[in-house]
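Hello,

Here is the structure I promised to pass on. Please have it open while you read; my notes follow below.

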Amino acid sequence: MDPSIYLPYSPPSLPQESKLMTYMNRNNISTPTRSLNQSYNKLTLESSPPSARKVYVGECIPIKYYTSVAMLPESPSNTPPHLSAPQIHQENVGGTTYFYPTNDVNASLNTSGGLNSSGLIGGSEHNMAVPSMAYPQMYAPIPASPIQGLGDTFYMPEQIRSEMQQIAQDPYTQPNARQCQNLPNSLDDYTELLPLEELSPHSNTTSFRATHRIHGDQYALRRLHSYGTVPSKRFQSWKQIDHPNIIRLNHWFTTRAFGDHSMVIVYDYHPASVTLMQRYLDGRTPGSNGAGNGSYHDPFSSDPDAPRPYTHQKNAMLRAVAGGSLLPEAVLWSILVQLTAGLRAIHAAGLACRTLDPTKVLTMGCRIRIAWCGVADALHANEIDINQAQQDDLTALGRLTLALACRTIHCDNLPLSIELVSRTYSVDLKNLIIYLLSAPRRSVTDLMPMIGARFYTQVEAFERRTDILESHLARELDNGRMLRLLMKICFIIERPEFNRDHKWAETGNRYLLKLFRDYLFHSVTTEGRPWLDLSHVSNCLNQLDSGTEIQVGLMTRDEGSVLLVTYAELKHCLDQAFAELMQVTPPSP
């Protein structure tokens with residue numbers, strides 16, 4: 001055969017204008033031309049040379065996930081570099097698809113903190129924060145940068161933290177001096193009165209927040225002006241209602257502190273709660289003038305610029321639809337489930353709410369509570385038809401649901417409002433609203449089949465929230481124990497004198513506690529900078545409280561001595577020193 005027929009194989013050439021050719025020319029990468037025989041000649045059964053033994057492959061770690069402590073390497077030399085993911089470009093040349101990175105891999109290694117010229121991981125040697133071997137003690141190396149996502153596991157989520165902070169800060173709200181100038185200093189066993197709403201001169205009821213002078217708990221007080229009737233038995237039955245969606249009525253009393261014969265009803269106080277009107281229907285946003293979608297406008301106002309009720313209602317609905325400010329249907333069902341649960345408990349006790357409107361329903365987070373129950377029975381002590389009153393409660397529930405669905409309290413045009421609900425929400429929600437507003441004889445138990453499986457959805461949501469709160473409560477459970485431990489240490493160390501001994505805190509067992517305090521809080525790095533490691537403090541306090549046999553080295557401030565003691569010995573020193581203080585402490589009153 002003619003050997004000229006069999007030409008050696010050569011890879012297809014790439015166009016010069018190709019991006020792949022530009023990339024290969026920039027990185028001096030040539031097309032592979034090795035023959036099969038050359039590849040076989042380089043194969044060997046010997047072990048890999050030392051220079052090729054350590055091959056690191058970057059690991060893809062999802063965001064906000066971190067490696068556990070047990071899986072961390074023991075030394076920086078064995079740590080795989082963390083490579084930044086290169087951008088991959090795809091190009092089809094001659095029917096073949098090529099994939100190649102568009103960024104400089106070598107530059108990414110030097111700039112991403114993976115590997116640098118010195119062979120260290122995470123930065124240069126001078127940038128690594130290694131604690132000092134001198135005063136006060138030796139520690140494990142500190143990582144140069146915090147592991148991404150690790151901090152989120154130590155702290156409470158921001159949403160839960162903000163809710164808890166609002167609840168904690170609400171009792172310390174300072175009252176307005178102008179609103180409190182005409183209020184009495186105390187009412188019966190309650191003091192520090194603070195108005196919960198704007199005081200109106202023509203209103204026959206006002207509400208306050210007050211503090212019990214004996215046990216310091218806060219309560220919500222509802223004052224009925226010029227009350228001259230005797231409370232009925234139906235009103236006294238409200239003290240037996242205890243439901244998570246109803247604010248509990250505790251007791252009532254009469255007073256003349258306001259200059260008349262007033263009746264004051266005492267309810268549980270739930271801090272940082274707002275009404276449904278304030279949260280969803282008043283249309284007020286930061287920086288607005290209050291003329292929002294649901295803000296109330298007097299139809300008989302003499303102001304020529306005041307909007308007409310029907311025109312304002314229609315325009316408000318159109319703006320709500322166009323602006324996407326309508327509430328999600330899941331929120332409406334959550335409110336409905338909780339309100340129907342409260343009404344079910346009220347109607348089962350033979351009572352009627354009679355005050356179900358947006359200004360009498362409170363919300364905090366995802367919880368809904370009916371407020372000021374029993375006020376209508378106290379104001380109108382005459383006998384009423386309780387069955388008709390319960391029917392009015394269901395009608396009020398339908399109006400409230402319709403107002404929340406339309407994001408306005410101007411829902412007098414019922415066909416227009418129902419049309420908006422049918423276009424935006426499901427048929428089940430529309431049918432439930434129509435049933436509440438039009439059915440002749442209704443019962444709160446009839447609403448359960450209409451709610452259907454959404455009831456289980458709400459139960460699952462509350463159970464998930466409970467699981468989250470319990471998990472974070474478990475993390476915060478030991479905070480009080482560690483705080484008491486720190487208080488004991490602070491009572492002992494640096495005490496000027498004890499039993500006329502000015503060196504009591506500097507000698508004996510107390511001196512070890514002083515060195516342990518330095519070990520906890522006064523550590524420094526090799527550069528002399530303070531080392532602030534909360535996990536170190538938490539771990540040492542837990543070891544101290546448990547009294548383990550783990551040894552710890554305590555160095556004196558002059559760096560002249562190092563004392564090796566166990567946490568069990570330190571705990572014995574702490575208990576003994578604190579017992580000496582307790583022996584001479586006067587008994588608490």
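At what angle do helix α8 (residues 329-348) and helix α12 (residues 427-438) pack? Before the reply, one caution: this is a predicted model.

**Helix packing**

The angle is about 40°, and the two axes lie 11 Å apart. Angles under 35 degrees would count as roughly parallel, so α8 and α12 are oblique to each other. The crossing of α8 past α12 is left-handed.

Which residues meet there? From α8 come Glu329, Leu332, Trp333 and Leu336. From α12 come Asp428, Leu429 and Leu432. Sorted by class, this contact has 5 nonpolar residues and 2 charged ones, with no polar residue.

**Salt bridges**

I then turned to the charged pairs. Side chains of opposite charge can pair when their charged atoms come close. How many salt bridges does the structure hold? The count is 16.

Start with Asp170 and Arg209. Their closest N and O atoms are 3.8 Å apart. Are the two partners buried or exposed? Asp170 has 16% relative accessibility and counts as buried. Arg209 has 5% and is buried as well. The cut-off for buried is under 20%.

Next, Arg481 and Asp545. Here the closest N and O atoms are 2.6 Å apart. This pair links distant parts of the chain: Arg481 is in helix α15 (residues 479-492) and Asp545 is in helix α17 (residues 534-546), 64 residues apart. Arg481 is partly exposed, at 23% relative accessibility. Asp545, at 24%, is also partly exposed.

Then there is Asp357 with Lys360. The closest N and O atoms of this salt bridge are 3.9 Å apart. Asp357 counts as partly exposed, at 25% relative accessibility. Lys360 has 19% and therefore counts as buried, given the cut-off of under 20%.

Last, the network. Salt bridges link Glu494, Arg517, Asp518 and Arg557.

**Where to look**

Follow with the salt bridge between Asp170 and Arg209, whose partners are buried. Then go to Arg481 and Asp545, which link helix α15 with helix α17.

Best wishes

Definitions and conventions
Residues are numbered from 1 along each chain as its sequence is written. This is a predicted model: local features need pLDDT of at least 70, side-chain atom pairs count only at pLDDT 80 or more; totals for chains, interfaces and linings use all residues. Side-chain values use heavy atoms; hydrogens and water are left out. A salt bridge is a side-chain nitrogen of Lys or Arg within 4 Å of a carboxyl oxygen of Asp or Glu. Buried means under 20% relative accessible area, exposed over 50%, partly exposed in between (1.4 Å probe, protein chains only). Helices (H or I, at least four residues) and strands (E, at least two) are DSSP runs, numbered from the N terminus. Axes are lines fitted to C-alpha atoms, for helices over the stretch in contact, and angles run from 0 to 180 degrees between N-to-C directions. Angles under 35 degrees count as roughly parallel, over 145 as roughly antiparallel, 65 to 115 as roughly perpendicular and the rest as oblique. A crossing is left-handed if the near helix is turned anticlockwise from the far one by less than a right angle, and right-handed if clockwise. Contact means heavy atoms within 4.5 Å. Ala, Val, Leu, Ile, Met, Phe, Trp, Tyr, Cys and Pro count as nonpolar, Asp, Glu, Lys and Arg as charged, and the others, Gly among them, as polar.
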